[in-house]
Amino acid sequence: MTALLTASRIRRVVLPLALCAGLAAGLSACADDPDEGTNGVGKLAPDAIEEKAQAAADSAKAVRLAGTLVSKGGTFKLNMRLKDDGATGSVATKNSTFELLRIGDALYMKADAAFWTHGEGGSQSSAKPSSTSGSSDSSDASEADSEAADKLDDKYVKVPQDDPSYKQLRGFTDMDLLLDGLIGLHGDVVKGDRDKIGGIRTVKVKGGEDGEGGTLDVALEGTPFPLQFARGGGAGVVVLSEWDKDFALEAPAPGETLDYGKQLPRT
């Protein structure tokens with residue numbers, strides 16, 4: 001009798017445990033799949049993920065790029081909408097903020113009076129060639145500079161293609177050039193964590209284990225566009241959005257455009 005009671009008790013204990021174990025196994029099998037409902041890119045090897053992102057960016061017709069870039073030339077904050085034949089947006093440096101508009105090869109720049117009066121670093125830069133003689137009072141020249149700068153305030157200036165600033169400024173408006181320089185990883189590519197950028201699920205791929213060669217967030221929803229790039233060494237972070245969303249580009253009206261008259265200040 002004692003043996004039968006003992007066996008009965010064992011069954012009463014073991015059966016619920018077995019059921020619990022089976023339930024746990026079932027729940028584990030049904031746990032959320034991180035790739036469920038995604039484009040499947042997260043299942044790929046890290047170098048394949050990077051290739052998918054590069055291919056998506058190369059085939060895109062437009063993008064918005066916003067963020068900070070740190071280089072030997074300084075720190076630049078960009079908010080640009082870019083496409084194959086032009087761009088529009090703003091660039092901010094340590095000492096100035098200006099707008100850029102490019103339509104084909106025609107590049108326009110708009111800034112406030114302070115920009116036109118002073119170059120980057122605060123040195124004065126005449127807004128127009130001085131018409132005064134060498135004996136004229138320097139205060140007269142300064143006043144003329146200030147008046148000329150006031151006229152240029154919030155006006156578009158067409159940047160001459162032979163101006164030393166043209167190439168640098170155009171670089172901020174060149175979609176292919178910016179993307180090629182921004183979303184390439186360096187070093188051995190490794191897969192990182194999952195994240196969300198702008199509400200879109202992403203998978204990270206990194207250049208090196210610590211991202212010293214950059215960290216790229218690639219969309220796991222829809223086309224695997226790159227959505228964020230953190231440059232190695234703290235050299236800036238840019239967010240990429242509005243992929244393939246076209247936008248209009250219109251040349252400034254004649255009344256909104258003035259001639260600078262000489263070499264532009266350094267940006």
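Predicted model: local features only at pLDDT ≥ 70, side-chain atom pairs only at ≥ 80, totals over all residues.

Student: Which strands pair with E5, and in what sense?

Tutor: Pairing is read from the bridges between two strands. Strand E4 (residues 97–103) runs antiparallel to E5, with six bridges joining them. On the other pairing, E5 and strand E6 (residues 155–158) are also antiparallel, over four bridges.

Student: Is E5 mostly covered or mostly open?

Tutor: Burial is judged residue by residue, with buried meaning under 20% relative accessible area. In strand E5 (residues 106–111), six of six residues are buried. Both faces are covered: Ala 106, Tyr 108 and Lys 110 are buried on one side, and Leu 107, Met 109 and Ala 111 on the other.

Student: In E4, is Arg 102 buried or exposed?

Tutor: Arg 102, which is found in strand E4, counts as buried because its relative accessibility is 3%.

Student: How many salt bridges does a search of the whole structure find?

Tutor: Nine. One of them joins Arg 64 and Glu 242, with the closest N and O atoms 2.9 Å apart. Arg 64 lies in strand E1 and Glu 242 in the loop between strands E11 and E12, so the pair ties together parts that are 178 residues apart in sequence.

Student: What does Lys 83 form a salt bridge with?

Tutor: Its partner is Asp 246, the closest N and O atoms being 2.9 Å apart. Lys 83 lies in strand E2 and Asp 246 in the loop between E11 and E12, so this pair ties together parts 163 residues apart in sequence. Lys 83 is buried, at 11% relative accessible area, whereas Asp 246 is exposed, at 60%.

Student: Which residues gather in a patch of negative charge on the surface?

Tutor: The patch consists of Asp 58, Asp 84, Asp 85, Asp 176 and Asp 180. Asp 58 lies in helix H2 (residues 46–59) and counts as exposed because its relative accessibility is 55%, the cut-off for exposed being over 50%.

Methods. Residues numbered from 1 in each chain as written. Heavy atoms only, no water. Patch = residues over 30% accessible without salt bridge, like charges linked within 9 Å, V, L, I, M, F, W, Y side chains within 5 Å. Areas by Shrake-Rupley, 256 points an atom, 1.4 Å probe, with all protein chains shown as cover. Salt bridge = Lys/Arg side-chain N within 4 Å of Asp/Glu carboxyl O. Lys, Arg positive; Asp, Glu negative; His and termini not counted. Charge placed at Lys NZ, Arg CZ, Asp CG, Glu CD. Buried < 20%, exposed > 50% of the residue type's maximum accessible area, 1.4 Å probe, protein only. Pairing = 2+ DSSP bridges.
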